[in-house]
Amino acid sequence: QAAFGGMMKALKSVDIWAVSLNGFTVYCIYCGLTYFIPFLNQIYLLPATAVGMYGILNQYGLKMVGGSVGGFMSDSVCKSSAKYIRFGFLACIIAMAAFLMVPHETLGQGGNWLIGATCTLGFGAIVFTMRAVFFAPMDEVKGPAEITGAAMSLASLGIYLPNAFAYVRYGSFLDRYPGITGFRIVFCVMIAWAVVGLGVSTFLLNRIKKHA
């Protein structure tokens with residue numbers, strides 16, 4: 001009964017929903033990183049020998065670096081994980097908008113796959129630093145200690161929910177619009193999620209300031 005009561009209290013908390021939705025938008029962008037490898041394969045003709053190295057850097061190298069950098073930026077530079085995530089959303093919007101303006105078709109024909117790989121790894125690095133700290137704002141909203149377990153459970157459900165639909169949606173765009181057009185749509189959707197995240201993180205920061 002106590003566990004049920006804690007869950008009901010967590011469900012009614014605006015702050016917990018804000019943290020959950022904040023992480024949800026980060027994860028929606030994160031899911032899009034999966035399609036950088038097929039993008040480089042199809043558009044930049046990434047050599048087969050480089051696919052494995054790129055995959056290791058993208059999935060493991062950036063995770064190790066992103067965790068440390070995200071924690072440092074949140075604690076030492078921004079003094080707030082929520083504030084750093086908002087900065088990350090803004091950086092994602094600018095970086096991906098600039099990436100969309102690059103003439104990928106022309107560069108790809110020239111075999112300049114290192115340019116595409118560098119750009120995508122740079123964007124991925126931003127997302128991994130945000131992913132490393134997307135649970136941290138839970139401490140900043142100062143929720144009741146007795147519902148910590150329920151709060152984290154609810155946040156986990158919301159944050160990882162994109163696993164259920166994001167890959168399917170991104171993949172459907174690529175199937176429906178082959179070639180560079182499909183990838184541009186995917187990248188535009190990632191920008192849209194970053195815009196939503198910017199609004200959510202701003203709302204979350206206002207809630208944190210209100211409690212302070």
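Q: Which residues of helix α3 (residues 36-43) are buried?
A: In this predicted model, Phe36, Phe39, Leu40 and Ile43 of α3 are buried. The word stands for a relative accessible area under 20%.

Q: What puts these residues on the same side of α3?
A: The arc they cover around the axis is only 95°, so they lie on the same side of α3.

Q: What covers the buried residues of α3?
A: The cover includes α2 (14-32), α4 (48-77), α5 (81-100), α6 (104-109), α7 (113-131) and α11 (180-211). Just after α3, leucine 45 takes a positive phi of about 55°.

Q: Why is α5 called roughly antiparallel to α7?
A: The axes of α5 and α7 cross at roughly 165° and come within 9 Å. Angles over 145 degrees count as roughly antiparallel, and therefore α5 is roughly antiparallel to α7. The crossing in which α5 passes α7 is left-handed.

Q: Which residues of α5 and α7 meet?
A: From α5 come Tyr84, Ile85, Gly88, Phe89, Ala91, Cys92, Ala95, Met96 and Phe99. In α7 they meet Cys119, Thr120, Phe123, Ile126, Val127, Thr129 and Met130.

Q: How many residues of the contact of α5 with α7 are nonpolar, polar and charged?
A: The contact divides into 13 nonpolar and 3 polar residues, with no charged ones. Gly counts as polar under this scheme.

Q: Which residues of helix α10 (residues 166-176) are buried, and what covers them?
A: Ala166, Tyr170, Gly171, Ser172, Phe173 and Leu174 are buried in α10. What covers them includes α2 and α11.

Note on methods
Residues are numbered from 1 along each chain as its sequence is written. This is a predicted model: local features need pLDDT of at least 70, side-chain atom pairs count only at pLDDT 80 or more; totals for chains, interfaces and linings use all residues. Side-chain values use heavy atoms; hydrogens and water are left out. Buried means under 20% relative accessible area, exposed over 50%, partly exposed in between (1.4 Å probe, protein chains only). Helices (H or I, at least four residues) and strands (E, at least two) are DSSP runs, numbered from the N terminus. The arc is that of the directions from the helix axis to the C-beta atoms. Contact means heavy atoms within 4.5 Å. Axes are lines fitted to C-alpha atoms, for helices over the stretch in contact, and angles run from 0 to 180 degrees between N-to-C directions. Angles under 35 degrees count as roughly parallel, over 145 as roughly antiparallel, 65 to 115 as roughly perpendicular and the rest as oblique. A crossing is left-handed if the near helix is turned anticlockwise from the far one by less than a right angle, and right-handed if clockwise.
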